[in-house]
Amino acid sequence: MEQKKFKTEVSELLHLIIHSLYSHKEIFLRELVSNASDALDKLKYLTLVDPAFKDLKFDPRIDISFTDDEKQKILVVKDNGVGMGHDDLADDLGTIARSGTKKFLKNLTEDQKKDSNLIGQFGVGFYSSFMVAEKVEVTSKKAGSEEAWKWSSTGKGSFTLEEAERDTQGTTITLYLNEEGHEYANRWTLERLIKRYSDHIAFPIYLEYDQDEYDDKGKKKGTEHKVEKVNSAAALWRRSKSELTADDYNEFYKNTSYDTEDPLLYIHTQAEGVNNYTTLFYIPAKAPFDLFNADYKPGVKLYVKRVYITDDEKELLPTYLRFVRGVIDSEDLPLNVSREILQQNRIMSNIRNASVKKILSELKKVAEQNPELYTKIAQEFNRPLKEGLYSDYANRESLLELVRFKSTDVEGYTSLAAYKERMSDDQKAIYYLAGGNEDTIRRSPLLEGYKKKGIEVLLMTDDIDDIVVPSIGTYAEMPLKAINKSGAVDELDKDESKKKKKEGKDVVKKIKKALGERVKDVVVSTRLVDAPAVVVVDDDDMSVQMQQILKSMGQTNMPESTPILEINVDSPVVKKIADSDDEAYVSDLSQVLLDQALINEGVMLKNPAEFVKRLNTLLSR
Ligand code: ADP
Ligand code: MG
């Protein structure tokens with residue numbers, strides 16, 4: 001017998017599951033049944049595409065039985081699926097195979113660890129058995145192999161592996177129930193749980209139990225051993241929409257997605273015609289934990305004629321829709337479709353395109369008819385939808401109606417359409433300010449002038465706004481203009497700006513001389529009210545925030561754009577510069593003027609020591 005230790009992340013996960021999912025401990029059964037179903041799917045697939053398994057007698061089933069003994073209550077979940085060999089047992093049940101999980105665990109805060117929804121959503125899987133069992137044995141024979149192996153563990157750091165007996169291929173999981181698990185050695189409890197969680201599993205689930213028999217006079221005659229099929233075993237998405245209720249959809253979602261919360265939206269499509277396929281998509285209530293991992297787990301499973309093909313194909317939907325969960329079931333694809341074929345397949349790309357259109361149009365419907373619900377969707381998924389603006393040109397028009405922004409004039413989110421609605425007739429552009437977090441942006445002196453004139457400015461607080469939004473160009477024939485670019489300035493007030501520019505001519509010269517190479521230009525501002533100065537960039541240059549973001553992402557060899565300093569000629573500091581003839585003093589004031597404007601935009605100064613020194617000189621004057 002071999003004894004092996006769990007990888008540390010398994011121990012950590014076990015600990016988490018046992019402590020945070022306790023109130024949902026019954027989900028262990030759903031997890032075991034779904035594993036059995038996956039195993040049957042995999043074997044079914046092999047019998048269809050692999051000649052070695054052509055002659056295998058395949059009679060798929062899941063059997064659940066229990067022993068209701070005073071001393072030791074036992075629950076057994078058995079399948080005749082693909083099974084696991086020695087190495088599979090050691091690897092699949094001894095480590096966490098799923099990518100991203102380790103990172104996810106590391107990043108969880110203590111509070112998050114208590115949030116069962118968060119833990120539940122990445123699929124706690126097999127290990128959840130240890131919530132109800134003091135010992136778990138897994139006896140398995142891999143399809144096509146002669147050996148059987150038994151894996152056994154108490155869930156406390158290690159497991160053992162030894163040779164075993166099993167007649168056919170498949171897996172038997174035996175749970176030696178602990179005190180908290182006693183209730184599961186019961187026919188009614190099991191029946192209820194199977195119906196609740198696993199009714200749509202495509203394979204029959206049988207429950208074995210003993211039933212006492214009585215004669216006419218009510219005297220016990222004996223007991224009869226019964227085996228009863230408990231689930232309806234119909235793939236829900238193939239049933240007609242008219243016979244399905246919201247509850248049916250929601251249960252199916254929770255049953256297949258590991259989420260414990262109802263989805264925000266489901267979208268069921270049964271297409272007939274040139275392409276025959278069914279899709280059932282869900283928008284989850286919370287963004288998946290790995291939404292921003294490059295190696296995220298795709299949420300859509302592919303079936304061909306109800307046969308499970310893969311749950312690991314990222315190309316089924318575009319990347320920006322990676323938060324969508326659900327099923328694509330095609331009638332027309334070949335069963336042994338490989339990843340390469342899938343990615344170039346016409347049928348598949350038709351389904352994909354139609355699916356994207358459908359999802360976006362349903363989202364739009366929600367946005368129009370149920371704004372409250374759409375706000376929830378936007379809160380979770382606005383960021384990925386924005387990615388679509390630059391990656392999915394074909395659907396840009398729809399996406400422009402779906403993305404939401406913060407704004408100076410409304411609470412919460414606004415759409416571009418709503419902004420346009422609020423615009424006054426003589427406003428010539430949609431103004432926005434991007435880069436940095438909401439607090440920084442809201443405090444930007446650049447907003448002062450717009451506020452004074454009653455012009456609404458959109459606040460772009462997502463890290464990708466600075467990349468995405470400039471690429472939009474126009475919305476409904478209105479140009480989008482970043483107010484931290486120099487080009488947006490002039491429109492505010494032409495006459496006043498001319499007057500001020502004249503006034504400020506001399507001081508501009510002075511400051512320009514003092515700052516030299518540090519600035520591209522110094523200009524008189526017409527939009528600053530309180531702040532003495534602000535930095536902007538040339539229309540074609542990258543904003544300072546954008547440079548900052550790229551730097552923090554490790555991009556070092558980008559062209560640096562020098563800022564333009566916009567000064568407020570009415571501010572005391574600028575007046576001081578204008579009035580002074582002391583060159584050193586003018587230089588110090590000008591440098592500090594620029595530095596504080598940069599700091600205000602959230603930029604890290606290149607030479608903070610010098611800034612401090614100058615500040616001290618000025619203070620001690
Ligand atoms: P997941 O199902 O999300 O992969 P689990 O923890 O539920 O995670 O299971 C881990 C792995 O163990 C599965 O991916 C599968 O390879 C294997 N496994 C678990 N149960 C079975 C089973 N009944 N038959 C075959 N393989 C199984
Ligand atoms: Mg599983």
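Reply: Two strands pair if DSSP finds at least two bridges between them. Strands (E, at least two residues) and helices (H or I, at least four) are DSSP runs, numbered from the N terminus. This is a predicted model, where local features need pLDDT of at least 70, side-chain atom pairs need 80 or more, and totals use all residues. Residues are numbered from 1 along each chain, chains are lettered from A and ligands numbered from 1 as written, and side-chain values use heavy atoms without hydrogens or water.

Start with strand E8, which covers residues 205–214. What does E8 pair with in the parallel sense? The partner is strand E2, residues 62–68. Three bridges hold this pairing. Look for aspartate 63: tyrosine 206 in E8 stands opposite.

Strand E8 pairs with strand E9 too, and E9 spans residues 220–229. Here the sense is antiparallel, and the bridges number nine. Find aspartate 210 and look across to E9: histidine 225 stands opposite. E8 and E9 form a hairpin, with five residues between the strands. One to pick out is glycine 218. Glycine 218 takes a positive phi near 80 degrees.

Now compare another group of strands. Take E15. Strand E17, residues 457–460, runs antiparallel to E15, and two bridges join the pair. Lysine 406 has leucine 459 of E17 as its bridge partner.

Step back to the whole. The protein has 22 strands and 21 helices. The chain is divided into three stretches: domain 1 (2–229), domain 2 (236–379) and domain 3 (405–620). These bounds come from an automatic or database domain assignment. How far apart are the C-alpha centres of domain 2 and domain 3? The distance is 43 Å. Along the principal axes, the C-alpha atoms of the protein fill a box of roughly 115 × 55 × 55 Å.
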